[in-house]
Amino acid sequence: MSFMASRDEILDALTVVIDPELHRSIVELDMVRSIEVGENGVVDVTVSLTTPGCPIKGHFQTAVADAASAVDGVSHVNVFFDVLSDVQKAALQQKLGRGSLPDGALAQVANVLCIGSGKGGVGKSTLTANLAAALAGEGKRVGVLDADVWGYSIPRMYGLGSTRPPVSAERKIIPLSAHGVSVMSIGFFVEEDAAVVWRGPMLHKALTQFLQDVDWGALDYLLIDLPPGTGDVSMTLAQLLPQAQFVIITTPQQTAQKVARRAAQMAHKVSLEIGGVIENMSGFTTPSGERFAIFGEGGGKELADELDVPLLGSVPLTMPLREHADSGVPLVIEDPDDPASQAIHQIARGLIAMAPLDLPVLPLLDVIGDPTPVAPAPPAASERKPAGMSLPMA
């Protein structure tokens, strides 16, 4: 007869799982909601989070599974999640002696846009850098996370090189700033232009840190430059940012459009909303005015129609767009009249128009008594929520 682990043994093993924000064991915090042990050694563990969709959910997924799997008699661990009720949150706050639970590094980020492509060489990073600068030019608070770990290029495009970012007193990494944009990249932590040779687990840990341990502050937009394809990085970010929007970059070429469709399929499989398609290198116009469709016609529109999402814009191929990517100053800043700049500015304005707006709240009128408008009482601190997308930590 095979040995079967007990619930108490598994609970004791889970004391090593520490909430990285609260710095206490999930057992001590009473976040282990249930443990069910099957006769075949399969264990189901349910962990309660302070809020759904928190960016360190993946940390708990891995840590709980590893800790419980180390117990004798456990053959497999399934980790499930639910959310603390208001009563449970109040009890946790009382135990911690604090008025509110931490919201996490991305709690003040309103919109997260993952910029991806099915293949390399379509100008994804160039468009990310210029689109972020264009949004900043529209008065928005913008950040860029260079998640293309192997092919990082955002630091060079912003003229930052391999400058090491500072660390705050709260031990949070402070993003570097260039052209009005907050920037974070693995390129800041390796020698300039050094190759990064990492596998999936290291990538997952690094990206999790970039989302948890970076002091992004209040942003209207966080643009994430994904590596091409549908590999580990894209799946990790989909897990950590379940409410992000996916923007697909393609060229007009039919082959590129078909490859980009695979990125869209990945987004659907991990339940990421596709915000739209951007067609890059849509044509080249000579100084004399003659236009050449070097990469073909219509691939971006065809992909957008197939996915039933908007074609956010078509960016023409211009020499200044490439030149300024190398010089470290986004084209939209240096030459806003260039046709590519104008197209990117139009895409930025389209993204702003697509973002959810907070509807104004009209004051209440006491028509029986004093006619002076009475503003509604502000919500309690526990009821306030950041505008837009909220990704608090557990």
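The model is predicted, so local features need pLDDT of at least 70 and side-chain atom pairs count only at pLDDT 80 or more, while totals for chains, interfaces and linings use all residues. Residues are numbered from 1 along each chain as its sequence is written, and side-chain values use heavy atoms, with hydrogens and water left out.

The protein chain has 12 helices and 15 strands, taken as DSSP runs (H or I, at least four residues, for helices; E, at least two, for strands) and numbered from the N terminus. Of its 394 residues, 48% are buried, meaning under 20% relative accessible area with a 1.4 Å probe, protein chains only. The accessible surface is about 19,100 Å², with 53% of that belonging to carbon and sulfur atoms; areas come from the Shrake-Rupley method with a 1.4 Å probe. Among contacts (heavy atoms within 4.5 Å) with a separation of 6 or more, 74% are between residues 24 or more positions apart.

Strands S3, S4 and S5 form an open sheet in that order, with mixed pairing; two strands pair if DSSP finds at least two bridges between them. S3 and S5 are at the edges with a single partner strand each, so one side of each has no neighbour in the sheet. From one strand to the next the twist averages 15 degrees.

| Element | Residues |
|---|---|
| Strand S3 | residues 32-37 |
| Strand S4 | residues 42-49 |
| Strand S5 | residues 76-83 |

S4 and S5 run parallel and are joined by 8 bridges. Thr 46 stands opposite Phe 80 in S5. Helix H2 (residues 57-69) packs on the sheet and touches S4 and S5. The direction of H2 makes about 140 degrees with that of S5, where axes are lines fitted to C-alpha atoms, for helices over the stretch in contact, and angles run from 0 to 180 degrees between N-to-C directions.

How values were computed:
Buried < 20%, exposed > 50% of the residue type's maximum accessible area, 1.4 Å probe, protein only.
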